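Reader: I would like a close look at a single part of this model, and then at how the surroundings compare. Please keep it plain.

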Amino acid sequence: MIIYDKAHWQIDAGEDVDLVIAHFQFMFEWLNEYNLLSDYGKEILEDGIDEDVILNDEMLNSSGQRFLNKYYDKYISEIEYGKKENRKYLEDLYYKL
């Protein structure tokens with residue numbers, strides 16, 4: 001299993017819980033909008049994002065896995081985590097695939 005991000009990694013690093021949840025909520029909604037989530041990922045989104053969420057490859061379909069494998073680290077390193085999610089930047093990366 002490939003783990004891209006865990007809410008607890010960010011919370012344990014001192015990020016505000018609400019900002020971490022907002023980041024994951026944004027990511028799951030964006031991935032869903034671009035049809036990159038697996039049925040399991042859609043179920044997690046429907047159940048609600050909380051501080052225990054983990055973003056892993058089982059939550060993505062093959063296109064989602066390919067996208068996050070290539071761009072998630074780049075994306076996460078260039079945004080202000082949880083404070084300034086960047087839809088346009090994600091879309092620019094997506095259309096580079």
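Which residues are exposed on the other side of H3?

Author: The model is a predicted one. On that side of H3, the exposed residues are Asp39, Glu46 and Asp47.

The helix itself runs over residues 39-47, and Asp39 lies in it. Asp39 counts as exposed because its relative accessibility is 64%, where the cut-off for exposed is over 50%. The buried residues of H3 are Gly41, Ile44 and Leu45. These three cover an arc of only 100° around the axis, so they sit on the same side of H3. In general, an α-helix has 3.6 residues a turn, so residues three or four places apart point the same way. H3 therefore has a buried side with Gly41, Ile44 and Leu45, while Asp39, Glu46 and Asp47 are exposed on the other side.

Residues in a patch have no salt bridge, and the structure holds one salt bridge, which joins the side chains of Asp92 and Lys88 at 3.0 Å, N to O. That pair belongs to helix H5, residues 87-94, where Asp92 and Lys88 are four residues apart and therefore separated by about one helical turn. Lys88 counts as exposed because its relative accessibility is 53%. Asp92 is partly exposed, with a relative accessible area of 36%.

The phi of Asn35 is near 55°, a positive value in a residue other than glycine. Most residues other than glycine have a negative phi.

The surface also has a nonpolar patch. Met1, Ile3 and Trp9 form this patch, with about 320 Å² of accessible area together. Met1 is found in the segment before strand S1 (3-6). Met1 counts as exposed because its relative accessibility is 64%.

How values were computed. Residues numbered from 1 in each chain as written. Predicted model: local features only at pLDDT ≥ 70, side-chain atom pairs only at ≥ 80, totals over all residues. Heavy atoms only, no water. Patch = residues over 30% accessible without salt bridge, like charges linked within 9 Å, V, L, I, M, F, W, Y side chains within 5 Å. Areas by Shrake-Rupley, 256 points an atom, 1.4 Å probe, with all protein chains shown as cover. Salt bridge = Lys/Arg side-chain N within 4 Å of Asp/Glu carboxyl O. Helix = DSSP H or I, 4+ residues; strand = E, 2+ residues; numbered from the N terminus. Buried < 20%, exposed > 50% of the residue type's maximum accessible area, 1.4 Å probe, protein only. Arc of directions from axis to C-beta.
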